[in-house]
Amino acid sequence: MTQSAPATPDATKPNNPTPQTKAQAPAPSPGAEQAGGYMTTQSADQISARTYMGQSVYNGQNESIGSINDLILQKQGGVIAAVVGVGGFLGLGQKNVAVPFDKINATQNPQDGTVKLTTTETADSLKAAPEFKTLSMQASEKAAQSSGTSTMPATDNTTTSSTTNK
């Protein structure tokens, strides 16, 4: 009778690698040259963040539904979301929505190298999504709430005029 492997994993060999505490660059793609541990060339499967900035995002019907205003990065590395400006006209009345980065697809034109960004999201779904607020926006709102929501000076209604109640 042969003994089968245990149904539970060996406790001495963790399934998950130890969490990283520092940002580490992924292993270079084949063809990416390295000198002294530094990348010296960009490979075909890598895109610069600058390429995304200001780029239009298209839906499945090839309609522009917004543009990339920012990228949200995890401190330990990796892009979490693309902040897409939706609605408005020429940037006025625009709302920022953080679209999970895995919902943004980049297709590069092999002839000229241009990148087209698409998503399965619709203009309506992004307009209905909650607005993305940066840490500085949250701090400003908190400060405004703690000091009162009005920008007008408070009036003191506790004193009475000398001409009243005579």
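The side chain of lysine 95 reaches the backbone oxygen of lysine 127 at 2.5 Å, a polar contact (a pair of N or O atoms within 3.5 Å; within protein, one must be able to donate a hydrogen and the other to accept it, and residues adjacent in sequence count only if both atoms are side-chain atoms). That side chain of lysine 95 also reaches the backbone oxygen of alanine 129, at 2.4 Å. The model is predicted: local features need pLDDT of at least 70, side-chain atom pairs count only at pLDDT 80 or more, and totals for chains, interfaces and linings use all residues. Residues are numbered from 1 along each chain as its sequence is written, and side-chain values use heavy atoms, with hydrogens and water left out.

Lysine 95 is buried yet has no salt bridge. Here buried means under 20% relative accessible area, exposed means over 50%, and partly exposed lies in between (1.4 Å probe, protein chains only). A salt bridge is a side-chain nitrogen of Lys or Arg within 4 Å of a carboxyl oxygen of Asp or Glu. The nearest side chain of opposite charge to lysine 95 is that of glutamate 131, 7.0 Å away; Lys and Arg count as positive and Asp and Glu as negative, while His and the chain ends are not counted. With neighbours within four places in sequence set aside, lysine 95 is in contact with Val84, Gly85, Val86, Leu126, Lys127, Ala128, Ala129 and Glu131, where contact means heavy atoms within 4.5 Å.

Lysine 95 lies in strand β6. Helices (H or I, at least four residues) and strands (E, at least two) are DSSP runs, numbered from the N terminus. In a regular strand the side chains alternate between the two faces of the sheet. Strand β5 (residues 79–86) runs antiparallel to β6 and is joined to β6 by six bridges; alanine 82 stands opposite valine 99 in β6.

These strands belong to an open sheet of six strands in the order β6-β5-β4-β3-β8-β7, with mixed pairing. Its edge strands, β6 (95–100) and β7 (104–108), each pair on one side only; two strands pair if DSSP finds at least two bridges between them. From one strand to the next, the twist averages 40°. Elsewhere in the sheet, β3 (residues 56–58) and β8 (residues 115–119) pair in the parallel sense over two bridges, and tyrosine 58 stands opposite threonine 118 in β8.

Two further residues deserve attention. Asparagine 62 is placed in the loop between β3 and β4 (64–73). Although asparagine 62 is not a glycine, it has a positive phi of about 65°. Asparagine 62 counts as partly exposed, at 48% relative accessibility. Valine 79, found in strand β5, is partly exposed as well, with a relative accessible area of 32%. Apart from neighbours within four places in sequence, valine 79 is in contact with Leu71, Ile72, Leu73 and Phe101. Valine 79 and alanine 49, 30 residues apart in sequence, are 9.5 Å apart in space, C-alpha to C-alpha.

The protein chain as a whole has three helices and eight strands, following the pattern β-β-α-β-β-β-β-β-β-α-α along the sequence. Of its 166 residues, 16% count as buried. Among the contacts in the protein chain with a separation of 6 or more, residues 24 or more positions apart account for 34%.

Definitions and conventions: Axes are lines fitted to C-alpha atoms, for helices over the stretch in contact, and angles run from 0 to 180 degrees between N-to-C directions.
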